[in-house]
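Subject: Structure handover

Hello,

Here is the structure for you to look through. Please open it beside this email and read the two together.

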Amino acid sequence: MNLGNSQFAKDPLTQERIKKVDAYAVLFNGLSDKVTYFKSEENYKLFINKNN
């Protein structure tokens, strides 16, 4: 995923482009130790519940 700027990421729940500095960052060991960025902690919890 290349959003054209390393300051941005895509929230995997909403597919919304977000600033990493404002995001809720999570380290997923199952995804090759990559940091995943969510717009909020609530989005993270919704994503986890949706994918369990």
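Some ground rules come before the findings. This is a predicted model, in which local features need pLDDT of at least 70 and side-chain atom pairs count only at pLDDT 80 or more, while totals for chains, interfaces and linings use all residues. Residues are numbered from 1 along each chain as its sequence is written, and side-chain values use heavy atoms, with hydrogens and water left out.

Overall layout

Helices and strands here are DSSP runs numbered from the N terminus, with at least four residues of H or I for a helix and at least two of E for a strand. The chain has 52 residues, and 19% of them count as buried. Buried means under 20% relative accessible area, exposed means over 50%, and partly exposed is in between, using a 1.4 Å probe and protein chains only. The accessible surface is about 4,000 Å², and carbon and sulfur atoms account for 46% of that; the areas come from the Shrake-Rupley method with a 1.4 Å probe, and for residues only the protein chains shown count as cover. Of the contacts (heavy atoms within 4.5 Å) between residues at least 6 apart in sequence, 22% join residues at least 24 apart.

D11

D11 sits in the loop between β1 (8–10) and β2 (17–19). What is the nearest side chain of opposite charge to D11, which is buried yet has no salt bridge? It is K39, 7.4 Å away. In this count Lys and Arg are positive, Asp and Glu are negative, and His and the chain ends are not counted. A salt bridge needs a side-chain nitrogen of Lys or Arg within 4 Å of a carboxyl oxygen of Asp or Glu.

The side chain of D11 does reach backbone nitrogens: that of L13 at 2.7 Å and that of T14 at 3.3 Å. Beyond four places in sequence, the residues that D11 contacts include E16, F38 and K39.

Salt bridges

Side chains of opposite charge can pair when their charged atoms come close. The whole structure holds two salt bridges. One joins E16 and K39, with the closest N and O atoms 3.2 Å apart. E16 is in the loop between β1 and β2 and K39 is in the loop between β4 and α1 (41–50), so this pair ties together parts 23 residues apart in sequence. E16 is partly exposed at 32% relative accessibility, and K39 is partly exposed at 45%.

E41 and K45 also form a salt bridge, with the closest N and O atoms 3.5 Å apart. Both lie in helix α1, four residues apart, which is about one turn of the helix.

Aromatic rings

F38 lies in strand β4 (residues 34–38). Is F38 buried or exposed? F38 is buried, because its relative accessible area is 0%. Leaving out residues up to four places away in sequence, F38 touches I18, V26, Y44 and F47, among others.

There are three aromatic pairs in the structure. The ring centres of F38 and Y44 are 5.5 Å apart with planes at 70 degrees, so this pair is edge-to-face. Rings of Phe, Tyr and Trp (its six-membered ring) pair if their centres lie within 6.5 Å; planes under 30 degrees apart are stacked, over 60 edge-to-face, and the rest tilted. Ring pairs link Y24, F38, Y44 and F47 into a cluster.

Regards

Note on methods:
A polar contact is a pair of N or O atoms within 3.5 Å; within protein, one must be able to donate a hydrogen and the other to accept it, and residues adjacent in sequence count only if both atoms are side-chain atoms.
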